[in-house]
Amino acid sequence: MSLVRTSRVPDPIVTYIICTNPRSGSSLLGEGLAATSLAGNPTEWFNLVEEQKLRARWCMDNSTDLTFQGYLDRVRAESRSWNGVSGVKLHWFQFADLQQKMMALPTLRRLTASQTMAKVFPNIKYLWLERRDKVRQAISFRIALATDEWWVKAGVTSNKHGSDPGEHPFDPAAIARLEQFLERNEAQWQAYFRHSGIVPFVLHYEDLEADYAGTIVRVLKWLGVPSADNVVIPPALLQRQSDARSEEWRSRYMAFKSAGGDPRLAAGGTSGKSREQQMEERKRKLCSTIPDTWKQWIAQSKLLHVSDDVIVQRLVNNGFFRGPALAEVKKAAADPYLAGAVRTQQRLAKGASLLNALARVARLDPQAALVERRSRLPRREFRDRYYAANRPVILQNLMTGWKAMKAWTPDYLKRVAGHALIEAMTGREADPHYEMNGREHRTALRFADYIDMVHSGQVTNDYDMVADNGFLQKPEARPLWEDFAIFPEYLNPRAADGQSFLWLGPAGTVSPLQHSTRNALMAQVAGRKRYRLIPAAQWHLVYNNHGVYSDVDCENPDLARYPKFRDATFIDLLIEPGEVLFIPVGWWHHVRALDVSMTVSFTNFVFPNQYTWH
């Protein structure tokens, strides 16, 4: 029997490209599609500013550089939703730049543009979003360029510091240059579709604005999302930016044309720069300016004692000019804020040194990597030897009186509580971050239907019923409480309601490496589970950058990205039905179900079990 691995991100079910140009409503469309959690995250992944943010975040989290191929892999992973749909938005000039970069890769060098796209983005589909009123589009573009305010979102304050629009008077030549730029780029998209034999799905901004929810549903249907008509479309947060000034400029521009003025002649003059020239200047400016995300990485690297030469070279490798990079690194060295951070970092480093020393001493104990199995363990000994000592233990013969051990068959569970509406986590295999993105995976279905899924014989990590489903607190599940007993030697029966949880999933279900926020007893009712435990004191070795989760796939660790993980102490356990595992607070655990598995967990100890986490 082969077990499903979760380390590789599978190819998307479909990848769609929103082909567009500035001020066509692409942000409005992308926001609406992303808000459904069913259509990926179609943003400007190949906008230089956004790319630099992702690269800086990657470098801070992984301490390694990101090649262009690596960046493409990150886009494939982060542009997708849990159901395997991936979305990317491209303006024509971004598409042209992307083609140059992709065709430099050895595996793509001899392919056409459309072949390259199909190779990089499997199962590709094209959505062409355009705007009928090119004059309004050009005016909107002109105002956005002048003010540096590209969107207005309800409840969100923009941090842009562009000039006041009043400083930029009506200029028909400037509007004409942008109108021509948009027309040229639209013609380029048309030529690409025509030469590649592509028939895109066409949308217009005006229709999106008139029927926002209906347009989003149309796209979902085109993508093949099941039951698209039943998807609830959240209201748009992006707000219309066109105002009285926009309409005044349009009237004056059209009057200028009607009066015989030819803005194309004005646009061809030497007084104004073409949009292409402006874009090239903006690129040079971006390569000369180190953004805040990379400044944070510089500070982190300085705290980690990375040499200045290495820091500068990393910045150069990521597209910045050497002179500005060197100046920023020198500036960081003299920054008093960074000096204060160094003092704090020294105290944290001392704490990590202490943990490393304690871990080395602990390895001298031949029993350090073993978890004892105990029967009839008195409360006081359990408290002193395991609970207070933060040490796991397997308790045996506690479940001998449980009716659940034999009674909880599929037919029995469906007969007793099959009509209950439960919440399962589905679509997990398409999302490498399914635990952190848990809300996006919640699916309501009948308990009886879920039991049939679990017992279908499929070995999969695609669905699971985890602890916070609240199933045992449902009225339909109350009869099941008669089938198991609270362990009064260790647990408080009066606090059981709300601190008792049912876990139910098929063989192949995986809980990735994470730490517990409370002490817990895991009572195994059916099936076997393989646990990998790491002591709580080794938190500094597991790359805990997000919540309670480790970034490391501990079944297939990438030690080039996570070198400290090689020093972590693993304790591997096989828990059989009838055994109860005590997982102490803070301990890291990875769990894989080897069979259809049912577990009842408890946190209602008679000892204190509430802790504050930051």
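**View 1. His419 and its contacts in the predicted model.** Setting aside neighbours within four places in sequence, His419 is in contact with Arg446 and Glu476, where contact means heavy atoms within 4.5 Å. His419 sits in the loop between helix 19 (410-417) and strand 7; helices (H or I, at least four residues) and strands (E, at least two) are DSSP runs, numbered from the N terminus. With a relative accessible area of 52%, His419 is exposed; the cut-offs are under 20% for buried, over 50% for exposed and partly exposed in between (1.4 Å probe, protein chains only). From His419 to Gln346 it's 73 residues in sequence and 58 Å in space, C-alpha to C-alpha.

A quick note on reading all the views: this is a predicted model, so local features need pLDDT of at least 70 and side-chain atom pairs count only at pLDDT 80 or more, while totals for chains, interfaces and linings use all residues. Residues are numbered from 1 along each chain as its sequence is written, and side-chain values use heavy atoms, with hydrogens and water left out.

**View 2. Arg428 in its loop.** Look for Arg428 between strand 7 (421-426) and helix 20 (438-441). Arg428 is buried, at a relative accessible area of 3%. Its side chain makes a polar contact with the side chain of Asn461 at 2.8 Å (N or O atoms within 3.5 Å; within protein, one able to donate a hydrogen and the other to accept it, and residues adjacent in sequence counting only if both atoms are side-chain atoms). Not counting residues up to four places away in sequence, Arg428 also touches others, including Tyr434, Glu435, His441 and Asp462.

**View 3. Strand 2, covered on both faces.** Seven of the seven residues of strand 2 (residues 85-91) are buried, so the rest of the structure largely encloses this strand. Val85, Gly87, Lys89 and His91 lie on one side, with Ser86, Val88 and Leu90 on the other. Strand 1 (residues 14-20) pairs with strand 2 in the parallel sense over seven bridges; pairing takes at least two DSSP bridges. Thr20 stands opposite His91.

**View 4. Two buried cysteines.** Cys19 is buried at 0% relative accessibility, and Cys554 is buried at 1%. A search of the whole structure turns up zero disulfides, meaning cysteine sulfur pairs within 2.5 Å.

**View 5. Confidence along the chain.** The average pLDDT (the predictor's confidence in each residue, from 0 to 100) is 85 for the chain, and 91% of the residues score at least 70. Helix 11 (residues 263-267) has the lowest mean, 51, and strand 15 (residues 580-583) the highest, 98.
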